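Here is a short report on the structure below.

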Amino acid sequence: MFERGTKMSNSIGPGKKTARKKNSSKKTGVKIKKLLLAILIVFMVMGLAATAVTYKVVSAYLADVPDFDPRVLVPSVTSFVFDKNGAEVTPLMGEITRIVVPLEQIPKHMVDAVLAIEDDRFYDHPGFDLRGIMRAAWKQFRNQSFGAQGGSTITQQLVKLAFLTPEKQMKRKVQELYLAIKMEREYTKDEILEFYLNRIEYDYNAAGVEAAAHTFFGKSIREVTLAEAAMLAGIPNLPAKYSPFRNLQESMKRRNIILNRMLELGMISGQEAEEAKNEEPVLLDLPSRAYPFPHFIDYVIHDEMLRILKEIPQYKDTTVAERYDIIYKGGLKIYTTLDQRLQQVAEDTINNASLYPKTFTQDGKPLQPQAAVIVADHKTGQIKAMVGGREYSKDNVLNRAVKGKSQAGSVLKPIVAYAPAFNEGIAVPSTVIDDSPWVWSIKGSEPWYPNNYDRTFVGLVTAREALARSFNIPAARLVMELGVEKSKEYAQKMGITTIEKDRGPSLVLGGLTEGLKVIDAAQAFAVLANQGVRTDFVTILKIQDRFGKVIYEHTPRSSVVLSAEAAFLTTSVLQDAVRIGTVRGLQIGRPVAAKTGTSDRSRDAWLAAYTPELVAAFWIGRDSYAANEDGQYSAWIVTPPFMNPILKAAHEGLPVTEFVRPETISPPIPVCKKSGKRPSPLCPPEDIIYDYFPHAMIPFEICDIHIEVEICSESGLLPTEFCPPGTIIKKVFLNRPPYIVTDENWVGDIGRGPKDAGLMPPTEFCNIHTEQPQPPRDLSAEYRDDGSVLLQWQPPDGQTAGYLVYRKAPGEDSYRVLTVWPITVRSFTDSNISEGLYSYRVYNVNAEGVRSLPVTVSLSVDLQQELQPPGQTGNSNRGRGNNSGNNN
């Protein structure tokens, strides 16, 4: 059987082998299929597992993806400040500077340069670019670092800038892709590109292509050349390396790479590329972060803008920090009152070291002394210029024009005393006030013993002269007549904000508890300049939002504080302060009214001045003093050199105008400056002045303070009964009120009184003619044949220097002198005789010119009869002698 089988095997061997092989192949194929199936299943399982893992990972990555909030895409936009003419002053530089422009205003070569270097398939992909991703993955594989090169499209970059953090991690990349796809569904390509071009960040805080063009080339993006566009396109990738301000050569290399890429993509021609490569960059100077006119801009931002935004309904609930964000990043256009030309003059003047007395620095503090000034239009309230100090820096930012408070000296006298007194009808410029020693004292307060600046007292003085020459006592007296609270009320209404705590009349001399602000002084004097109307100061006229919508427009706020009459009268007096008073150094070639002020110990000097057009207030001094330290700032000396150039510049090109006199104010009327009444014939010419009056206050009374008094011309005192008639004259004196003199309580010499006390009439009697000499003796009269009368007498007992002879002829009522000068002989011949009764008197005159009582003799002359002498009357004539002092 084996053989048979063997044979069979031999006979059918090949076939059996084939069958066996087939069966074997089938088994192998099945195994391979099973293996492949198993591998497939494994891969499918692995794929599913990977998918599941990937899904879980992606889901985890997307779990905290930021919401796609379209508002986030709206970039913050730099705000700008404009001047009174609408000219740009400065961008408000916060963290970035950005100026948004629509895509249609960005030139094609700028767009192409960005697309060429950042995303040349931007208009073809759905928000992500697979080619870019694969390229980035390959780069990542080769460099073992995801961050070596990314495959981000413009859409992805925009998403990263708007929604995501900057770190390069897979999680952020997944979120980036997700948000990019979402963005492409929400916006068109052009909208995405516009967002991007306005958002990308450059060097030196510039963001967006428009701000970048201004920062680097000083022009709008509409004006950049192809070369400049390529340079700009290359910066955002690595600003520290490619900014032309930091590395011009690298920036130009990067520019040329972009130009070559644009050529490859057919965006430009070869000639255009070569011309752009050969173009030399024209860059601006390195930009500064400093504002021009920093004190003015600081005031606009930190004072006015914060206040105004709080008043706008849509911002009323914002915090200070949120309002600052709006100011810096809201794209606001802030139109101000700034006059850039005048502001520059003011800053140059305040920074002019040659105008200052001794200059010094101490302990790292700002340069001293400092100064501040404000110039404004008093009609509109618009502040034209504001300087708060010299040499502004990060260590010297204090705006002394609005934040500084210094002792005012006399600069407030018109505000707290004279203008209120004129307004209340208590005084007019010709009202006479006594500038004499005066004490103020109330229960519970220390007495106050005021002095004038030079420690003298002039006496009776008009309000005009007292203010023009800045006398202290008259101003203090006016405040007391007004009442301190009434004075303060007027000052506050006019704009003084720091006077509330002051209670005594010393406030009129500037001794304020809190001090005075420059802006307050300017505001108060603006009321005088504007005919009694206060118009609140303003620096912001209009605010537009980023879309050009007006969200705020200034409405002037005005109120009547003084009558036009009171304002004009005060102005008239302050013009005298410039003409003849303490501000003679202020000369600007046009009508100007002004008042100076020097604080105690000459620590601060002030000058407030105004014209029919503008008002200005200026201060100079130091920020602080040691307890007993003196200053060196006398206002009448140090302030005009600053104010003259500022006021001249402020009025450049303006016509010269006069202050307007109200119709209710009379033309100048003559009055006596010692009584304030109409002049009498006794008023000396030098005491007659002309002044304005409200019609209701024109004086009609005649001066009664100038009086005529008989005095002895030799002693200047009241005549005694012994003063010779020829020495008794009438003289005009000033009958001023009683006064006191200074004692040890006053600073200065003891015993000082008013200077015009010397014009008062004497109260003492003549100290020369103090006793009467004896009369002559034995007077006789004899009619002689030659028709004359011979008088003879004997010398008196006692002293004699000569004799005076008088005669009363027939028909005469009084005695007439026959000897003008005393004669020393004891006889006298009267040759001029006719018929009638004659009476003669003879006086003895001593060495002082004092006359004795007369002796009298009478005789009757009858040319037809023998003379009958009646004889000597003797002592019986003494009684008539008492009436014989008349020399008529």
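Asp778 counts as partly exposed because its relative accessibility is 47%; buried means under 20% relative accessible area, exposed over 50%, and partly exposed in between (1.4 Å probe, protein chains only). Asp778 belongs to strand 21 (residues 777-783). Its phi is positive, about 55 degrees, although Asp778 is not a glycine. Helices (H or I, at least four residues) and strands (E, at least two) are DSSP runs, numbered from the N terminus.

This is a predicted model, in which local features need pLDDT of at least 70 and side-chain atom pairs count only at pLDDT 80 or more, while totals for chains, interfaces and linings use all residues. Residues are numbered from 1 along each chain as its sequence is written, and side-chain values use heavy atoms, with hydrogens and water left out.

**Backbone and burial**

Phe293 also has a positive phi, near 50 degrees, and is not a glycine. Phe293 sits in the loop between helix 12 (270-277) and helix 13. With 7% relative accessibility, Phe293 counts as buried.

Where is the cis peptide bond that ends at Pro369? It runs from Gln368 to Pro369, with omega near -5 degrees. Pro369 lies in the loop between helix 15 (340-350) and strand 6 (370-376).

Pro724 is in another loop, between strand 19 (706-712) and strand 20 (728-734). At 8% relative accessibility, Pro724 counts as buried. The C-alpha atoms of Pro724 and Val850 are separated by 5.2 Å, although the two residues are 126 residues apart along the chain. Leaving aside neighbours within four places in sequence, Pro724 is in contact (heavy atoms within 4.5 Å) with His769, Glu848, Gly849 and Val850.

For the chain of 888 residues, 49% count as buried. Its secondary structure comes to 24 helices and 27 strands. Among contacts with a separation of 6 or more, 66% join residues 24 or more positions apart.

Helix 5 (residues 154-163) has eight of its 10 residues buried, so it is largely enclosed by the rest of the structure. The buried residues of helix 5 include Ile154, Leu158, Val159 and Phe163. Thr155, Gln156, Gln157 and Ala162 are buried in helix 5 too.

**Helix packing**

Two helix pairs are set out here. Axes are lines fitted to C-alpha atoms, for helices over the stretch in contact, and angles run from 0 to 180 degrees between N-to-C directions.

| Helix pair | Angle | Axis separation |
|---|---|---|
| Helix 13 (residues 294-311) and helix 14 (residues 320-329) | about 105 degrees | 10 Å |
| Helix 15 and helix 23 (residues 640-650) | about 170 degrees | 9 Å |

Helix 15 is therefore roughly antiparallel to helix 23. Angles under 35 degrees count as roughly parallel, over 145 as roughly antiparallel, 65 to 115 as roughly perpendicular and the rest as oblique. Helix 13 and helix 14 are thus roughly perpendicular to each other.

From helix 13, Ile301, His302, Met305, Leu306, Leu309 and Lys310 meet Val320, Arg323, Tyr324, Ile326, Ile327 and Tyr328 of helix 14. By class, this contact of helix 13 with helix 14 has nine nonpolar, one polar and two charged residues. Ala, Val, Leu, Ile, Met, Phe, Trp, Tyr, Cys and Pro count as nonpolar, Asp, Glu, Lys and Arg as charged, and the others, Gly among them, as polar.

From helix 15, Arg341, Leu342, Val345, Ala346, Thr349 and Ile350 meet Phe642, Pro645, Ile646, Ala649 and Ala650 of helix 23. The contact of helix 15 with helix 23 divides into nine nonpolar residues, one polar and one charged.

**Aromatic rings**

How many aromatic pairs does a search of the whole structure find? It finds 17. Rings of Phe, Tyr and Trp (its six-membered ring) pair if their centres lie within 6.5 Å; planes under 30 degrees apart count as stacked, over 60 as edge-to-face and the rest as tilted. Tyr204 and Phe245 make an edge-to-face pair, because their ring centres are 5.5 Å apart and their planes are at 90 degrees. This pair links distant parts of the chain, 41 residues apart. Tyr204 lies in the loop between helix 7 (189-197) and strand 4 (206-207), and Phe245 in the loop between helix 10 (239-242) and helix 11 (248-264). Tyr204 counts as partly exposed at 28% relative accessibility, whereas Phe245 counts as buried at 18%. Tyr204, Phe216 and Phe245 form one aromatic cluster.
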